[in-house]
Amino acid sequence: QAKRKGKNTYCCFNTELEEYVMTRVNTETRLYEAIRKQDFVLHFQPKIDLQSGWLHGVEALIRWQPEGQKLIYPDGFIALAEEIGIISQITEIVVRQVCEKIACWQQGALAGIPVSINISAIDFSNSAFMNRLMQMINESGVDTHLLEFELTETALFTDLEHVRKVISELKAYSIGISIDDFGTGYSSFSYLQQLDIDYLKIDKSFIQSMKNNEKSSAIIKSMIDVARNLGLKVVAEGIEDENDAQMLCLMGCHLGQGYVFAKPCDEKQLEMYVKNQFRRQPYVL
Ligand code: C2E
Ligand code: MG
Ligand code: MG
Ligand code: MG
C-alpha cells in the first residue's frame, strides 16, 4: 500500500503504524485488565436436531464486556490473546463459567442441556494445561456427559500421538469431541478415522455458499457421507435459510446451528427460547 502511494508515504505509513501499535498496546493492556477482573460473559447458541426439531445442546461463545461499553466479539480479541500467550487464562474462565452454569441450571428449564466449549489449538497442544482443565472440571463436580470440546483442524494437525492421547483422556472423562470449522484447514479425512471424535461441524462458509451453487452442495454432501460412514454426527453451522436447513436434513446432516434457528443469546434469552419453542416443526422427509 505504501509503495503504491509513492514518495510521501513514509510519514503516512509511520503514522498508521504508530496508530496501529498504540491501539494494539492499548487493547493488550485492557485485555490483561479484563482477565484480572473477569470481564467476560458467555452467550449460548442452540444446536437443533434437524429431523426431530428438538434442541440438542448449546455452544458457549465468549464475549468481552468492558465496563459501560459495548460487547467485544471473539474476532476482536481471541487471536490477540493467543499471540500474547494469555489464551489459556481465557479458556479457564470459560470452562469455569460453563461448569457453574451447568450446575446452576440443574434447578430449572435449562437442566441437562449439553454445552460445548471452543478450545484453542494452543491450549489443546499443552498437556499440562489440559490436565489442569480436567482437574478443574472434576473438582466442579459437573456431569461431564454434558460437556463437549470443539477443536479446530489445526489442533489436530500437530503431533498425532499427543492428540490421540489427549482425546482419549477427554473421552475417558465422558467429554465429547467436535471438530469445528471442518473444511477450512487441512481437512484430512484420515485423522477422522484415527481419532475418537463424536461430531464434525461443517464450516459455515460451505453452508452459506450452498444456495445456487451445486459444487458447494456436492462438497457438503460428500463431507456428510464420509462422516456418517465413519459413525460421526454431522453439524452444519451458520444456517441462515429455512430451505438450506431442510436440504441439509435431506442430505443426512444430523444437527444444525445458525441464525435461522437462534442467534447466540444470553442465559435469560436461552431460558425463554427453551420455554417457548423447545421444539421446532420437524421436516417431512
Ligand atoms: P465458531 O466456534 O465456529 O462459532 C460460530 C460463529 O458463527 C459464532 O461467532 C456464531 O455467532 C456465528 N454464527 C452462528 N450462526 C450463524 C449464522 O447463521 N450466520 C453467521 N453469519 N454467523 C453465525 P462468534 O460468537 O463471533 O465466534 C467466532 C469464533 O470465535 C468462534 O467460531 C470460535 O472460533 C471463537 N470463539 C468463540 N468463543 C470462544 C471461546 O470461548 N474460546 C475460544 N478459544 N474461541 C472462541
Ligand atoms: Mg465452535
Ligand atoms: Mg465453527
Ligand atoms: Mg467458524
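A polar contact is taken here as a pair of N or O atoms within 3.5 Å. In this predicted model, an oxygen atom of ligand 1 is 3.0 Å from an N or O atom in the side chain of E59.

- N118 belongs to strand β3 (residues 115-118) and D180 to strand β5 (residues 176-182), so the pair ties together parts that are 62 residues apart in sequence.
- A distance of 3.9 Å separates the magnesium ion (ligand 2) from the magnesium ion (ligand 3), and D180 coordinates both.
- D180 is buried, because its relative accessible area of 5% falls under the 20% limit.
- N118 has a relative accessibility of 32% and therefore counts as partly exposed.

**Contacts of ligand 1**

- Ligand 1 is surrounded by 22 residues, of which R63, N118, D180, E240 and Y259 are the closest.
- D180, which coordinates both magnesium ions, has a side-chain N or O atom 2.8 Å from an oxygen atom of ligand 1.
- The backbone takes part at I62, where a polar backbone atom lies 3.2 Å from a nitrogen atom of ligand 1.
- Ligand 1 taken alone exposes 800 Å², and the protein buries 86% of that.

**Pocket and surrounding elements**

- The largest pocket is the one in which ligand 1 sits.
- Elements giving two or more residues to the shell around ligand 1 are β2 (55-64), β5 and α10 (204-208).
- Of the elements, β2 gives the most to this shell, with four residues.

- N243 is located in helix α12 (residues 242-250).
- With a relative accessible area of 58%, N243 is exposed, because the value is over 50%.
- N243 and E82 are 161 residues apart in sequence, and their C-alpha atoms are 37 Å apart in space.

Methods
Residues numbered from 1 in each chain as written. Chains lettered and ligands numbered in written order. Predicted model: local features only at pLDDT ≥ 70, side-chain atom pairs only at ≥ 80, totals over all residues. Heavy atoms only, no water. Donors = N, O, S within 2.8 Å, 3.2 Å for Na, K, Ca; no water. Buried < 20%, exposed > 50% of the residue type's maximum accessible area, 1.4 Å probe, protein only. Near = heavy atom within 4 Å. Polar contact = N/O pair within 3.5 Å; in protein donor to acceptor, adjacent residues only side chain to side chain. Areas by Shrake-Rupley, 256 points an atom, 1.4 Å probe, with all protein chains shown as cover. 1 Å grid on protein atoms, 1.4 Å probe; cavity = no way out; pocket = protein on both sides within 12 Å on 5 of 7 lines; lining within 4 Å. Sits in = over half its atoms within 2 Å of the grid points.
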